[in-house]
Amino acid sequence: MDIHEHQAKDILAQFGVPVPKGHLAYSPEQAAYACRQLGGGICVVKAQIHSGGRGEAGGVKLCKTEDEVRAYAADLLGKTLVTRQTGAGGKTVHRLWIEEATDIAQEIYLGFVLDRKSERIMIVASGHGGMEIEELAETDPDSLVRMVIDPAAGLVDYQARELAFRLGLSGKQIAQFVTTLRACYRAYRDLDAMMVEINPLAITGAGDLVALDAKMSFDTNALYRRPQVEALRDPGQEDPREAMAHDHGLAYVGLDGDIGCIINGAGLAMATMDMIKLAGGEPANFLDIGGGASPERVVTAFRTVLTDPKVGVILVNIFAGINRCDWIARGVVQAYEEVGLTLPVVVRLSGTNVEEGREIIRTSGLPLISADTLAEAAKAAVRARPQPIAAE
Ligand code: GDP
Ligand code: MN
């Protein structure tokens with residue numbers, strides 16, 4: 001789960017990272033007022049969307065007067081920004097962060113990520129910050145410094161100092177850098193983050209460190225024990241399909257194809273998506289309906305899959321262990337009635353109460369396509385797809 005820059009700065013500041021003063025604004029008037037509260041001098045107006053690359057997309061602007069702040073805020077609010085990270089659909093700006101301007105002498109890149117290879121939190125840093133990490137890795141890979149943190153010892157000060165030296169920091173910056181690293185590490189670990197990124201961590205004209213941008217994303221599987229993090233969720237920035245699924249407790253990931261999938265078990269869902277691809281189709285989503293799915297839950301899964309207008313056929317694939325095939329079958333029939341389904345549906349059932357389940361499908365009188373194996377089901381779904389216009 002991602003959060004906004006202003007939220008990440010708020011969290012990191014609580015852990016001890018130096019950040020500039022700023023205020024949130026939802027209207028041009030509030031933006032102008034925020035500028036006045038900051039002393040009325042030069043301000044930076046920053047679009048709050050769940051994406052980096054806002055600067056080059058016109059979402060960050062230095063404003064010299066309160067009137068400039070008001071005008072730029074009016075221009076930005078309600079606008080959809082397309083950055084190199086958002087995809088073509090972009091993200092809509094509903095709030096702004098108005099911040100006191102900083103005099104930048106140098107920009108540092110600082111990131112904390114989960115390194116799956118070493119199974120450790122890893123720090124990535126570069127003395128040439130400002131640009132995105134992907135770009136940095138391409139254009140200036142030698143400037144990147146990586147350091148793995150031992151979970152038993154935690155981040156130790158000599159490591160942090162070594163990193164500071166390798167970035168060429170000196171004087172008071174070294175102590176400030178150590179404090180910043182420690183704060184980021186604690187925020188990462190204590191809040192079950194997956195990523196903390198400060199880019200740029202600026203060195204000011206006076207030689208001090210300050211976080212000018214901040215990004216945090218969190219492990220959704222740990223949100224149950226981080227209600228204070230969950231509260232920062234902004235559904236307005238999420239894929240509407242995923243937001244709806246989340247609200248119903250379904251594990252769902254939106255994809256680009258036209259075959260809607262309702263499956264139990266993450267492993268089976270992955271295997272089914274592979275089989276669909278093998279059969280020449282494209283899945284529209286990953287959806288794990290979970291164990292012990294009631295007919296009502298099946299109906300909810302149908303509704304969720306159908307929020308995607310690209311879906312042309314639905315494939316239900318259940319291997320019932322904890323689940324019961326007859327419940328799933330009843331859910332499918334109920335979905336037809338309640339949702340007013342018109343799309344072809346392929347059903348493959350296996351496991352507990354499979355005979356009862358198949359009987360319900362057979363005698364339902366509905367145009368359901370039954371399949372015995374996963375491979376058959378995938379092929380049937382590809383065949384049942386509304387035919388695309390044939391290529392010349
Ligand atoms: P991003 O493009 O989404 O990563 O947004 P950032 O918050 O990183 O802002 C983009 C760029 O704007 C930064 O890399 C800085 O160069 C610049 N910027 C941000 N805040 C300030 C500021 O207070 N003063 C100055 N001079 N530049 C700033
Ligand atoms: Mn940035």
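Let me start with the loop between α6 (172-190) and β10, where Asp192 lies; helices and strands here are DSSP runs numbered from the N terminus, helices being H or I with at least four residues and strands E with at least two. Asp192 is not a glycine, and yet it has a positive phi of about 55 degrees.

Before going on, please keep in mind that this is a predicted model, in which local features need pLDDT of at least 70 and side-chain atom pairs count only at pLDDT 80 or more, while totals for chains, interfaces and linings use all residues. Residues are numbered from 1 along each chain as its sequence is written, chains are lettered from A and ligands numbered from 1 in the order in which they are written, and side-chain values use heavy atoms, with hydrogens and water left out.

Moving into strand β10, we find Pro200, which is joined to Asn199 by a cis peptide bond with omega of about 10 degrees. A polar backbone atom of Asn199 is also 3.2 Å from an oxygen atom of ligand 1, and this counts as a polar contact, meaning a pair of N or O atoms within 3.5 Å.

Which residues come nearest to ligand 1? Of the 17 around it, they are Lys46, Arg54, Gly55, Thr102 and Glu107, where being near means having a heavy atom within 4 Å. For Lys46, a polar side-chain atom lies 2.5 Å from an oxygen atom of the ligand, and for Arg54, a side-chain N or O atom is 2.7 Å from a ligand oxygen. On its own, ligand 1 has 560 Å² of accessible area, of which the protein covers 82%; such areas come from the Shrake-Rupley method with a 1.4 Å probe.

The shell around ligand 1 divides into seven nonpolar, five polar and five charged residues, and in this scheme Asp, Glu, Lys and Arg count as charged, whereas Gly is among the polar ones. At least two shell residues come from each of β2 (43-47), β3 (60-63), β7 (104-115) and β10 (193-204).

Finally, the domains, whose bounds come from an automatic or database assignment: the chain is given domain 1 (1-19 + 104-234), domain 2 (21-101) and domain 3 (239-391). Domain 1 and domain 2 each supply at least three residues of the shell around ligand 1, while the centres of domain 1 and domain 3, taken over C-alpha atoms, are separated by 41 Å.

Notes
Polar contact = N/O pair within 3.5 Å; in protein donor to acceptor, adjacent residues only side chain to side chain.
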